[in-house]
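Try each task before reading its solution.

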Amino acid sequence: MEKNIKELLGGRIVNTRVLTNQQISQLMSLGSKKYPVIYQEGSQYFCRRCLTEIDLADFHDQKMYCRACLNFGKLRKGDELIITNSNLSFHIPKTPMTWQGQLTNLQDTVAQETKSAFQKQQDHLIWAVTGAGKTEIIYPLINEALLQNKRVAICSPRVDVCLELQPRLQQAFRNVPIGLFHGQSQTSYFPTPIMISTVHQLIRFESAFDLIIVDEVDSFPLAGDEMLHQAIYKAKKDSGSITYLSATPPVELLANVKTKKISLSKLYQRFHGHPLPEPQTHLLLKKSQFLGINPRIKKMLSSLIKSQTRFMLFFPRIPEMLQFAVSLQKKWPNLKFVTVSSKDSERLKKVQQFREERASAILTTTILERGVTFHKVAVIVIDADSEEFSKTALIQIAGRAGRFKDAADDLVHFFYQYYDQKIKSACCQIKQINQQAVNK
Ligand SMILES: [Zn+2]
């Protein structure tokens, strides 16, 4: 069998136009199925790959294609899709999990609840505060799925989260092949018992996975994107289930919890048992970049630098961040810091530099609001009243602090000119979570 044929298996959706006749007949003989690119429901038409409704007027000649999933290759009217056989069997070691760590009692309770939801084919949400150790909580679930010869996909809307997950999971399941696939990855797809990918990649799959774990379900671009949510459902086998993870679950999911469509486990305590750092709020009478750096902010930075405390500075937008960086360098020429944003191709390298304490400060946009863990850092939000900082973003950002037992009381500061509703709600929710953790 040609190697590339094997690489197409596992519930992949492939346009026959990119295959040779020989490949098509090979795939069909391996139990794949062929479908027209458009299907009809009532009077409506949908794209078979991304399930988006199609206006047939768009398809009036052969050049027209589904615009919604264009990034995955043009699907033209008249094209045919092959959905490849997803009944694969992998060689799974007797004890797939090589992780030697221990869950806390609270973590273990959630892990057991999640496992039992999976066994009942019930979709489940883990609502765990930032720093609760949610990655470790899903290890027993993944282990159970592998022991039953089930195929697992672990997805996040954010590439950075996928990149951070991969080495940790590979360490926890050392002898299990784990594939990592995203839009920018160098390796092309091949079937593995565990796949880590961005949620986007699920558009290329149908009925492929027994268990789909969606990390950071509330984050951009998944939040509010119907096509991506459908892609998750489509990629799951009928007998499979979905486990969602979030520290700030979206209202739509919580509504499904209310109607019992999804079961819920809550974990309000961080793994080290200390409360979440509660933000201190600071009103600025002048703009944050007034005379270079606003004197109130300058005072705070000065005391952090003096005490050799490392810090993260969050900005709503890239230009403000870069302008601030210039002032920062001017005021403290010896301060070693890095700036990162979504537009920065060196981002991962710079984050690593800060993690390894080769830089004392990191200036960032919301790109680092989640998915990153640093030891002993003060977390500061500049212009917290900007629209770029949603309540969820502020809670996630505050959650970057106090993640280690020996630094559980890292400081969090919000600077703003207008104390708005979302700053208030974010601070309230963090307080409430801390109270609930105590009452548990
Ligand atoms: Zn489409």
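**Exercise 1.** Find which residue of strand 10 stands opposite Ala153.

*Solution.* Step one: in strand 10, Met195 is the residue opposite Ala153. Step two: strand 10 covers residues 194-198 and runs parallel to strand 8, joined by five bridges. Strands here are DSSP runs (E, at least two residues; helices are H or I, at least four), numbered from the N terminus, and two strands pair if DSSP finds at least two bridges between them. Step three: Ala153 also has a bridge partner in strand 11, namely Ile212. Strand 11 (residues 209-214) and strand 8 pair in the parallel sense over four bridges.

A word on the source: this is a predicted model, in which local features need pLDDT of at least 70, side-chain atom pairs count only at pLDDT 80 or more, and totals for chains, interfaces and linings use all residues. Residues are numbered from 1 along each chain as its sequence is written, and side-chain values use heavy atoms, with hydrogens and water left out.

**Exercise 2.** Work out whether the two faces of strand 8 are covered or open.

*Solution.* Step one: in a regular strand the side chains alternate between the two faces of the sheet. Step two: Val152, Ile154 and Ser156 lie on one side, Ala153 and Cys155 on the other, and all are buried (under 20% relative accessible area; exposed is over 50%, partly exposed in between; 1.4 Å probe, protein chains only).

**Exercise 3.** Decide whether Gln308 is buried or exposed.

*Solution.* Step one: Gln308 sits in the loop between helix 9 (295-306) and strand 15 (310-314). Step two: Gln308 counts as exposed because its relative accessibility is 73%.
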